Amino acid sequence: MSYRISLARTVAFAMAYLVSAWAGRLTVADGTNLSMVWPAAGVAVIWFCAQRRSPRFWVDGAVLITTSYFVNALTGATHATSLASAAANFAQAMVFVVLLRRWRPSLWGAGGDEPIGSPRDLWVLLAASCASTACGAFVGPTIRWLLGEGYPWVAAVVWLARNTAATLIVGMAGLCIGQAVSTYRARNGSPAGWAQQWIATLRVTPRWRIAEYAGLAICTTSLYVVGFRYADRLPLSFAVLGLTVWVATRLATPFVVAHSLLVATIAALFTLNGQGPFAVVGDLALRTIILQGFAAMVAVVGLALALGRDERERLMAELAAQREQASRHATLMTAIVDSMADGLAVIDSTGGVVLRNPASVRLLGDRIGAGESDPAAYGFFRADGSRYLDEEAYLKALADEEVRDAEILVRNPGVPEGRFVRVTATALPNPDGTRSAVVLYHDVTAERRHRDELTNFAGVVAHDLLNPVASVDGWTDAALEALATVPAHPGVDQARGDLARLARASERMRSLIEDLLAYTTARNAAAAPAHVDLTAVVADIASARTDAAVAAGRPEPRFTVGAFPPVYADPVLVRQLLDNLIGNAIKYTAPGVTPALTVTAAREGDMVRVCVADNGIGIPEGQHDAIFANFHRAHSDSGYLGTGLGLAICQRIVERHGGTIAASDNPGGGSRFVFTLPAAGPMPAKPRAGSGAVVAL
């Protein structure tokens with residue numbers, strides 16, 4: 001806000017405050033110097049709320065104090081009264097602004113831009129009005145007492161009632177107008193088109209609605225005029241609150257505020273002229289207190305009803321929007337679930353189907369929820385063709401455990417040809433404390449058929465290839481034995497060298513075929529998890545590798561082995577995993593260096609973390625992940641023989657058990673491989689693929 005705009009607004013508010021204060025001083029009667037109304041209290045509140053961001057806020061405070069002092073002094077108030085009134089008005093406005101900013105900072109005038117929209121806002125404004133006027137009622141009489149005029153108890157009570165009503169009614173009107181103007185300027189940039197907007201709004205408003213507004217305005221004015229003008233002959237005061245209820249429940253909140261202002265003005269004018277139900281009270285202070293109490297009650301009742309209605313309508317609109325959004329989401333989710341190629345079903349604790357998609361019906365042959373009492377109607381078989389027992393067929397993932405990638409064979413009248421389905425089940429807690437299961441089905445028939453064909457093909461090929469390799473080895477050995485008795489000759493020496501190279505090539509071929517068979521086994525063979533003592537497995541492998549090194553005349557490897565927690569895994573695959581890693585660590589050692597291996601393990605939650613570290617030649621930079629790919633050789637040009645399948649086999653074994661494997665550099669030189677396997681013992685592993693668990697459907 002620029003200085004020029006701030007100064008212009010200060011002048012405008014000062015003029016408004018001057019007029020309202022002068023009008024309030026005109027209501028002083030009977031020489032008591034007590035004003036019956038004081039609209040300047042509400043104007044001061046709006047003034048300070050609107051100017052809260054002014055770069056010269058102290059100017060507004062100084063102008064308010066000066067204006068208040070001179071208005072009181074020029075209308076007959078003593079110096080002490082004028083000074084006390086000025087200080088009290090300033091303190092009252094400041095306290096109101098501070099409290100409003102603390103209690104409702106989101107409202108316009110308190111730092112935000114929201115309108116008054118709920119009964120809570122009304123109670124905050126009422127509390128701030130009461131607290132601020134109580135502060136003013138304390139400051140004013142206290143200053144007069146300090147200046148020697150005695151403590152005016154009656155004036156303090158009248159001040160409290162009069163200024164509370166004015167701050168609430170006029171302040172509420174000012175906050176509504178200020179927020180509306182601020183919102184319009186934010187949307188349109190200038191208030192120049194305000195009249196055009198009102199005209200456009202009136203054009204789209206139904207005529208019956210305009211007639212209702214006009215009728216209520218006429219009825220309000222007429223009833224209050226008649227009720228106060230002829231109160232002695234026509235006691236109609238009881239009807240005015242009914243009219244307020246009508247206005248509050250039918251008109252917009254800004255019109256309810258205008259209605260409260262109109263009622264307060266009519267009541268004050270008639271009371272000042274000695275007419276109406278309050279004019280019969282002889283004591284001026286008591287008459288003023290009753291008048292202000294009536295005005296405040298009309299405003300509070302009307303605004304409480306109107307704001308409660310607005311809040312209810314807003315909540316109903318939000319609820320309707322949320323219902324519409326929820327309906328759209330439900331429609332979208334239904335479309336997504338129904339369009340899934342995989343089957344999905346939600347099964348409750350009793351085995352009933354809560355939800356299923358068309359894919360689940362197709363995959364399971366419409367056996368879900370078909371109503372059969374015979375468990376055999378479902379047709380669940382193990383991968384080897386044996387039928388599940390009744391208790392296994394109805395096993396559900398309703399506890400803390402889950403079923404992951406369990407394969408079952410479905411064969412029933414709906415699927416006479418049979419279908420392999422991979423089942424994944426996840427527990428779903430219900431609000432009532434029970435549990436359901438979300439079950440996913442994936443058709444793996446084609447995948448399994450292809451895998452079986454590939455396995456059979458690999459086995460046949462490997463078997464057929466091993467026969468000629470064995471023949472090559474046999475004839476090579478026979479040729480070498482025959483040449484052993486032949487006298488030395490350059491041709492004989494050449495033949496021996498060629499046969500040696502042939503033997504090495506045959507050995508590489510045999511190694512490749514055996515690795516292919518091992519890889520196929522690690523990838524496709526059925527796993528049989530059991531309790532595995534890693535300590536015994538590592539010790540046995542270390543002993544075998546040591547014996548092999550001694551027999552071959554190579555340096556005997558040194559092993560540092562700790563105690564190992566037991567694991568729950570396939571014993572054959574675990575041994576193959578450790579043997580590959582330990583064998584690689586020994587093989588990839590620099591010439592003349594004695595292999596040194598450190599094998600350690602520790603339990604981490606429901607997994608066991610195993611680390612195999614060596615002092616070998618290490619892993620080339622950037623190949624720590626690539627070494628697990630099929631046929632990848634990190635040291636293909638370094639004279640180390642291998643097929644590039646060993647670490648791929650290790651990765652597949654670990655992944656089949658739900659673990660991970662990674663390679664890194666050993667800080668002391670060499671490489672380090674870390675992998676995880678399911679732990680056994682006090683914390684049993686959850687059911688995993690190939691465990692034979694199945695979810696009841």
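1. Of the 697 residues in this chain, 40% count as buried, where buried means under 20% relative accessible area, exposed means over 50%, and partly exposed is in between (1.4 Å probe, protein chains only). The model is predicted, so local features need pLDDT of at least 70 and side-chain atom pairs count only at pLDDT 80 or more, while totals for chains, interfaces and linings use all residues. Residues are numbered from 1 along each chain as its sequence is written, and side-chain values use heavy atoms, with hydrogens and water left out.

2. Here is the overall picture. The chain has 18 helices and 13 strands; helices (H or I, at least four residues) and strands (E, at least two) are DSSP runs, numbered from the N terminus. The accessible surface of the chain is about 35,200 Å², and 62% of that belongs to carbon and sulfur atoms. Such areas come from the Shrake-Rupley method with a 1.4 Å probe, and for residues only the protein chains shown count as cover. Among contacts between residues at least 6 apart in sequence, 67% join residues at least 24 apart, a contact being heavy atoms within 4.5 Å.

3. Now to the inside. In soluble globular proteins, nonpolar side chains tend to be buried together. A nonpolar core is a set of buried Ala, Val, Leu, Ile, Met, Phe, Trp, Tyr and Cys residues joined through side-chain atoms within 4.5 Å. The largest one here has 46 residues, and those with the most contacts inside it are Tyr17, Leu100, Leu125, Met172 and Leu175. Helix 2 (residues 40-50) provides the largest share of this core, 10 residues. Apart from this core lies another, of 36 residues, including Val538, Leu577, Val599 and Ile619.

4. Which residues does Met172 touch, leaving aside its neighbours within four places in sequence? Met172 is in contact with Ile116, Leu122, Leu125, Thr167, Val257 and Leu303.

5. Next, have a look at the strands. Two strands pair if DSSP finds at least two bridges between them. Strand 8 (residues 558-561) and strand 10 (residues 596-604) run parallel and are joined by 4 bridges. Val561 has Val599 of strand 10 as its bridge partner, and Val599 also belongs to the core of 36 residues.

6. Strand 10 has a second pairing to follow. With strand 11 (residues 607-614), strand 10 pairs in the antiparallel sense over 8 bridges. Thr600 has Cys611 of strand 11 as its bridge partner. The hairpin of these two strands has 2 residues between the strands, and Gly605 takes a positive phi near 70 degrees there.

7. Some nonpolar residues are on the outside. Leu241, Val245, Met297, Val301 and Leu305 form a nonpolar patch on the surface, with about 330 Å² of accessible area together. Patches are made of residues with over 30% relative accessible area and no salt bridge, with like charges joined within 9 Å and nonpolar side chains (Val, Leu, Ile, Met, Phe, Trp, Tyr) within 5 Å. Helix 9 (238-250) and helix 11 (284-339) each supply at least two of the patch residues, and helix 11 gives the most, with 3 residues. Val245 lies in helix 9 and counts as partly exposed because its relative accessibility is 36%.

8. Is Leu355 buried or partly exposed? At 40% relative accessibility, Leu355 counts as partly exposed. Leu355 lies in strand 2 (residues 353-356), and, leaving aside its neighbours within four places in sequence, it is in contact with Leu344, Ala345 and Val346. Leu355 and Ala345 are 10 residues apart in sequence and 5.3 Å apart in space, C-alpha to C-alpha.

9. How many salt bridges does a search of the whole structure find? The search finds 6, a salt bridge being a side-chain nitrogen of Lys or Arg within 4 Å of a carboxyl oxygen of Asp or Glu. One of them joins Arg104 to Asp121, with the closest N and O atoms 2.7 Å apart. Arg104 lies in the loop between helix 4 (79-103) and helix 5 (119-146) and Asp121 in helix 5, so the pair ties together parts that are 17 residues apart in sequence. Both residues, Arg104 and Asp121, are buried.

10. Finally, compare a salt bridge between two helices. Arg575 and Asp540 form a salt bridge, their closest N and O atoms being 2.6 Å apart. Arg575 is in helix 17 (residues 571-587) and Asp540 in helix 16 (residues 534-552), so this pair ties together parts that are 35 residues apart in sequence. Arg575 is partly exposed, with a relative accessible area of 34%, and Asp540 is partly exposed at 39%.
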